[in-house]
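Here's a quick tour for anyone meeting this structure for the first time. Have a look at the sequence and the model, then read on.

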Amino acid sequence: MTRNDNPHGGSGPGAELPKFSVNVVPTDQLRHEELATVLNLYRRGQITPLIFGDGNKPEAAIIPFAAFVRLMKYDHAAHVHAEADFQAELSHRIQESDASGEAGMTVEELAESLGPLGQQWADDHRAAQQKKRHE
């Protein structure tokens, strides 16, 4: 099966994946022997994932732990970069709003206008404010 689906929605780091082939092991056929074989391959330095799912649809993968750590570091770095971009844009918009002297929007409304990361920030900010009021 050739796959080029991107679980990250087609944007951000890794948006363009090369086409690649996978063999999907149906979950009802996954046995201890396959896991032991894959683990032995990983111990010898191989990195081929064990992909399983149902209906020939990949749903999960078993990968070497070192590959998992690399993915976590990559995702964290991408998040930090996105957060820095978001904070810079938020600061820029606040400065523009302050300079104009016009009545503007709340910081939460401003954050929400910046997309999903801004929406998350606004939700977290509101939750923190409510928690402070109830303490």
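Let's start with a single side chain: Phe 68 is partly exposed, at a relative accessible area of 39%. Keep in mind that this is a predicted model. Phe 65 is exposed, and its relative accessible area comes to 62%.

Both Phe 65 and Phe 68 belong to helix H2, which covers residues 65–100, and they sit 3 residues apart, or about one turn of the helix. In an α-helix there are 3.6 residues a turn, so residues three or four places apart point the same way. How many aromatic pairs does the structure hold? There are 2 of them. Phe 65 and Phe 68 make up one, a tilted pair with 5.8 Å from centre to centre and 35 degrees between the planes.

Now for Phe 86 and Trp 121. Their ring centres are 6.3 Å apart and their planes meet at 50 degrees, so this pair is tilted. Phe 86 is part of H2 while Trp 121 is part of helix H4 (residues 116–134), so the pair ties together parts that lie 35 residues apart in sequence.

Is Phe 86 buried or exposed? With 5% relative accessibility, Phe 86 counts as buried, because the cut-off for buried is under 20%. Trp 121, at a relative accessible area of 22%, is partly exposed.

## Helix H2 and its cover

Which residues of H2 are buried? They are Ala 67, Phe 86 and Leu 90. Among the parts that cover these buried residues are helix H3 (107–112) and H4.

## The three-stranded sheet

Over to the strands. Three of them form an open sheet in the order E3-E4-E5, and the pairing is mixed. E3 (24–26) and E5 are the edge strands, each with a single partner strand, so one side of each has no neighbour in the sheet. On average, neighbouring strands here are turned by 45 degrees against each other, ignoring direction.

What makes the pairing mixed? E3 and E4 run parallel and are joined by 3 bridges, whereas E4 (residues 50–54) and E5 (residues 57–62) pair in the antiparallel sense over 5 bridges. On the E5 side, Ile 51 stands opposite Ala 61.

E4 and E5 also form a hairpin, with 2 residues between the strands. There, Gly 55 takes a positive phi near 65 degrees.

## The whole chain

Stepping back, the protein chain contains 4 helices and 5 strands. Along the sequence, these follow the pattern β-β-β-α-β-β-α-α-α.

How much of the chain is tucked away? Of its 135 residues, 14% count as buried. The chain exposes about 10,100 Å², and 55% of that comes from carbon and sulfur atoms. As for contacts between residues at least 6 apart in sequence, 36% of them join residues at least 24 apart.

How values were computed:
Residues are numbered from 1 along each chain as its sequence is written. This is a predicted model: local features need pLDDT of at least 70, side-chain atom pairs count only at pLDDT 80 or more; totals for chains, interfaces and linings use all residues. Side-chain values use heavy atoms; hydrogens and water are left out. Two strands pair if DSSP finds at least two bridges between them. Axes are lines fitted to C-alpha atoms, for helices over the stretch in contact, and angles run from 0 to 180 degrees between N-to-C directions. Rings of Phe, Tyr and Trp (its six-membered ring) pair if their centres lie within 6.5 Å; planes under 30 degrees apart count as stacked, over 60 as edge-to-face and the rest as tilted. Buried means under 20% relative accessible area, exposed over 50%, partly exposed in between (1.4 Å probe, protein chains only). Contact means heavy atoms within 4.5 Å. Accessible areas come from the Shrake-Rupley method with a 1.4 Å probe; for residues, only the protein chains shown count as cover.
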